[in-house]
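This briefing is for a reader who is meeting the structure for the first time. Please keep the sequence and the 3D view at hand while reading.

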Amino acid sequence: MDYVKTAIPRQERLFYGADYNPDQWQACPDVLERDIELMKEAGVTSASVGIFSWTSLEPEEGIYEFAWLDRVMDRFAEAGMFVFLATPSGSKPMWLSEKYPEVRRVDKAGKREPSGWRHNHCLSSPVYREKARAINTRLAQRYQKHPALALWHVSNEYSGECHCQSCRAAFQAWLKERYGTLDALNEAWWSAFWNHTFTDWSQIQTNDLSMDGLQLDWLRFVNDQHVSFMREEMVPLRELTPDIPCTTNFMGTHEGTNYWQWAEHVDQIANDLYPLPDDRANTWQHAIRADFIHSLMRGMSGGKPWMLLECSPSSVNWGGINKLKRPGAHRQEVLQAVANGASTVHYFQWRKGRGGFEKYHGAVVDHDGSNRTRVFQDCAAIGAELASLRSLVQGDCPVAEVAMIYDWESRWALNTSCGPKELAGTGPFPSDLYTETCFDHYEALTRCGIAVDLLSTRSDFSGYKVLVLPALYLLSEELGERIRAFVQSGGQVVATCLTAYVESSNKCYLGGFPGASLRAVFGIWNEELDNLPADTRVEVRGAVEGSAKDVVERIHLDGAVSLAQAGSEFYAGEALITENDYGNGVASYLAARFEMPALLAFYRRLLEKASLCRSIDLDLPEGVVFRCRDSSEGRVGFLFNYSNQSREVEFGKLAMAAYLDPQTTYSGTIELAPYESRILRV
Ligand SMILES: [Zn+2]
């Protein structure tokens, strides 16, 4: 699968801007005038406009009002700035919601939601689809030749599910398409369990927690409904403005959305990310998780530049404890995205509104309304800096030697299977055992100085030296064959506990795990899974030492050699890390969730064995990460201290010039302040 995206036409520099809600300020023309002046001062190039402005655009059914938006578009064009024009389907007008109650979602208990909130329209409703198409068509007709229009921002953070009768019927039709016959469906879902054998399609419900096959297909269906809705929204946009790219804003590792599928249907990959640096001792680990999500977006863009379409220049308002960003953290978040391939950085939001749920959410312009605030001054400095990084705009990040698969299907299958341990919330990112395991391995590789490309199960990984498969729980025979061929021809694969338990319908493989014909590749048989309480650790002894937590498998050697063994519990002495020579390659199996010291020891060993190159040939202290990206003026390096403590980096004999000031050279010992970021010529 080729995810490669092309550049945004007319983008000649890094885009910098924010979500802008002029529809909320129509009674304050002086504020709207002032906004343009402040935007120029902050180095803004672009803004996302109209995301929640359906009522302002269509105050009554079929009655359209575009004068206010005409003025906004014209002002942007006059100022040499671009508009990412939104389609407004993310929240429903009251007239629509009340006149057509079927557009409102029904929850799992069967209760229809009242009007209000947002992101809560029924995905199947023909009326909502028709109304969205009508307003989108009007927008495209009106602004198709407008010089400010650079991009379509289609809806906003699509998410959630609806259990109305229309959605239930659509689910049944989707299943009929997928399985053909009820016999095939009953077989796939193991329906004889608890008398679930269906004798009529109409019997199938949307919510039955006892049926893991149904649950998995429901998640797939809801995802497909979202993609279908998004694609339908794009039809008039693509017809009327074929040269204007369409995107929608993703939410990183959001559970209900398999963005690999969405990536196939958008022209640009765009993401929203709010890392919430809380200035604690482990804040730097959260920064590495943000780095993971940026890499995921780069993967979905086929390695090409992508867009950070929302982040906060200050605190958010929904995080429980909404701590202000400490000095340096805001600039670091922006540069971290750029270092990982972003060619657009937009904030939510440009100006704080006076009321509503988000009135205290961070914004470039505070209620004070002036340019004198700390946040505005920070934003203006970052705007100027991004302008000076113009050479990066079409630059790619170097292709890594290590690839990791991140797979929503495995996550869904594991989360809908009752048994494997559930983890307590570990925010700020939505997470679970599957995603936490991916984060762990990404963090260990990052701390070893190794760059990682994130791929889908459909991506071509044959060119990589190492392929990492954290908890790839759902694994098809077809993918199993590609993994086998990869190792056969000399690749090194690393798999972990919970690998290849189930096939595509969430049914367990027979004959011993891992399934998908991978037992021979790894040379092991995985017999049992032990779930550990939160305060229990299992010792790890051997070539890798440390401890395991949460889940431990009892595996048997069947050709592989044991590198490390359990040092406690009744299975002390049994293998926990194995290695198997297969064909010209090597397959490693990590039969537990390891704590970081053991994972680091494992990957340091792998680094040497597979002759992997570090991103920079330096031993970086804890919390310091180096990234690089190509530009039209050569390779650019980014050195980040993600920690809230100062850190010393020993450059030794290495000497690198500051990117924006080539007269300044870094060598010897460099001290990085808390959250400091430096940009270097590599
Ligand atoms: Zn519905």
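The points below cover domains, helices, one glycine, and backbone features, grouped by topic.

The model is predicted. The chain is divided into domain 1, residues 402–609, and domain 2, residues 624–681. The centres of domain 1 and domain 2, taken over C-alpha atoms, are separated by 34 Å.

**Packing of α6 and α7**

- Helix α6 covers residues 165–179 and helix α7 covers residues 182–189; the two pack at an angle of about 90°, and their axes are 9 Å apart.
- Angles of 65 to 115 degrees count as roughly perpendicular, so α6 is roughly perpendicular to α7.
- On the α6 side the contact is made by F171, L175 and Y179, and on the α7 side by A184, L185, A188 and W189.
- The residues of this contact between α6 and α7 comprise seven nonpolar, no polar and no charged.

**Helix α10**

- Helix α10 runs through residues 283–300 and has 18 residues, which should span 26 Å at 1.5 Å a residue.
- The end C-alpha atoms of α10 are 26 Å apart, so the span agrees with that expectation.
- α10 is mostly covered, with 17 of its 18 residues buried.
- Just after α10 comes G302, which takes a positive phi of about 65°.

**Helix α17**

- Helix α17 takes in residues 596–609, a run of 14 residues.
- From its first C-alpha to its last, α17 reaches 20 Å, close to the 20 Å expected at 1.5 Å a residue.
- The buried residues of α17 are M596, A598, L599, L600, F602, Y603, L606 and L607.
- α17 is followed by S611, and the phi of S611 is positive, near 50°.

- G116 is found in the loop between α4 (94–99) and α5 (126–143).
- The relative accessible area of G116 is 22%, so G116 is partly exposed; the cut-off for buried is under 20%.
- Not counting residues up to four places away in sequence, G116 touches K92 and M94.
- G116 and A263 are 147 residues apart in sequence, and their C-alpha atoms are 30 Å apart in space.

**Cis peptide bonds**

- F348 and Q349 are joined by a cis peptide bond, with omega about 20°.
- Q349 lies in the loop between β9 (342–347) and α12 (374–388).
- Another cis peptide bond runs from F513 to P514, and here omega is near -5°.
- P514 has its place in the loop between β13 (492–496) and α16 (519–522).

- R10 is a residue other than glycine, yet its phi is positive, near 75°.
- R10 sits in the segment before β1 (15–20).
- The relative accessibility of R10 is 42%, so R10 counts as partly exposed.
- S517 is not a glycine either, and it has a positive phi of about 60°.
- S517 is found in the loop between β13 and α16, where P514 also has its place.
- S517 has a relative accessibility of 52% and therefore counts as exposed, the cut-off for exposed being over 50%.

Definitions and conventions: Residues are numbered from 1 along each chain as its sequence is written. This is a predicted model: local features need pLDDT of at least 70, side-chain atom pairs count only at pLDDT 80 or more; totals for chains, interfaces and linings use all residues. Side-chain values use heavy atoms; hydrogens and water are left out. Axes are lines fitted to C-alpha atoms, for helices over the stretch in contact, and angles run from 0 to 180 degrees between N-to-C directions. Helices (H or I, at least four residues) and strands (E, at least two) are DSSP runs, numbered from the N terminus. Angles under 35 degrees count as roughly parallel, over 145 as roughly antiparallel, 65 to 115 as roughly perpendicular and the rest as oblique. Contact means heavy atoms within 4.5 Å. Ala, Val, Leu, Ile, Met, Phe, Trp, Tyr, Cys and Pro count as nonpolar, Asp, Glu, Lys and Arg as charged, and the others, Gly among them, as polar. The expected span of a helix is 1.5 Å times one less than its number of residues. Buried means under 20% relative accessible area, exposed over 50%, partly exposed in between (1.4 Å probe, protein chains only). Domain bounds come from an automatic or database domain assignment.
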